[in-house]
Amino acid sequence: MELNATHYGCLLKGYQYLGDSVGAWETVQRMHSQGIQPTVANYTAALGACLKQVAYYRDFAYAKAFVAQVRSDMERCAVQPDRFLLEFQVAVVCCLDMKEFQNDHSSNCWSPGQVNEALLLIRQGEQAGLTSSLLRRTQGILLRIQNESQASE
């Protein structure tokens with residue numbers, strides 16, 4: 001049986017549930033090899049798999065590389081991001097679920113690199129017309145963390 005886009009979407013949701021970013025990314029690559037164009041929802045599910053993984057391990061280098069890989073693949077395939085994908089990108093870079101982030105935002109949790117990368121993603125999203133109240137609140141928290149960090153130096 002040959003898999004179609006719906007099957008691949010279900011696989012990606014399963015990998016998201018499991019927090020298996022490697023399996024999710026391999027599925028995106030299989031989609032390409034089968035001539036199936038991944039959608040923004042497919043990329044968001046792959047980011048969701050990565051989010052579960054990095055929220056547990058707090059691996060910023062892996063998170064940043066995964067987000068860059070997704071962004072590069074989307075650009076190559078001319079897939080336009082939406083605000084949900086942007087929210088997931090920011091959450092992955094912060095190595096923290098966005099709802100959890102809204103409740104736990106002490107400045108000692110994130111490196112300046114994480115804060116700067118997340119702010120850059122939000123600014124790029126704004127320039128592309130992608131915003132949400134969640135992203136605006138997150139941006140405010142990140143800016144406060146950045147200012148606190150700079151003041152303590």
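This is a predicted model: local features need pLDDT of at least 70, side-chain atom pairs count only at pLDDT 80 or more; totals for chains, interfaces and linings use all residues.
Helix H1 spans residues 5–18, a run of 14 residues. From its first C-alpha to its last the helix reaches 20 Å, which is close to the 20 Å expected at 1.5 Å a residue. The buried residues of H1 are Tyr8, Gly9, Leu12, Tyr15 and Gln16. Viewed down the helix axis, these buried residues fall within an arc of 120°, and they therefore line one face of H1. The face turned away from this buried side carries the exposed residues Thr6, Cys10, Lys13, Tyr17 and Leu18. The cover over the buried residues of H1 includes helix H2 (21–33), helix H3 (40–57) and helix H5 (83–94).

Thr44 belongs to helix H3. Its relative accessible area is 12%, so Thr44 is buried, the cut-off being under 20%. Leaving aside residues up to four places away in sequence, Thr44 touches Asp82, Phe84, Leu85 and Phe88.

Further along the chain, a pair of helices can be described by their packing. Two packed helices are described by the angle between their axes and the distance between the axes. Helix H7 (residues 112–127) packs against helix H8 (residues 133–151) at an angle of about 140°, and their axes lie 10 Å apart. The crossing of H7 and H8 is left-handed. On the H7 side, the contact is made by Val115, Asn116, Ala118, Leu119, Ile122, Arg123 and Glu126; H8 contributes Leu135, Thr138, Gln139, Leu142, Leu143, Ile145 and Gln146. Sorted by class, the contact of H7 with H8 comprises eight nonpolar, four polar and two charged residues.

Methods. Residues are numbered from 1 along each chain as its sequence is written. Side-chain values use heavy atoms; hydrogens and water are left out. Axes are lines fitted to C-alpha atoms, for helices over the stretch in contact, and angles run from 0 to 180 degrees between N-to-C directions. Helices (H or I, at least four residues) and strands (E, at least two) are DSSP runs, numbered from the N terminus. A crossing is left-handed if the near helix is turned anticlockwise from the far one by less than a right angle, and right-handed if clockwise. Contact means heavy atoms within 4.5 Å. Ala, Val, Leu, Ile, Met, Phe, Trp, Tyr, Cys and Pro count as nonpolar, Asp, Glu, Lys and Arg as charged, and the others, Gly among them, as polar. The expected span of a helix is 1.5 Å times one less than its number of residues. Buried means under 20% relative accessible area, exposed over 50%, partly exposed in between (1.4 Å probe, protein chains only). The arc is that of the directions from the helix axis to the C-beta atoms.
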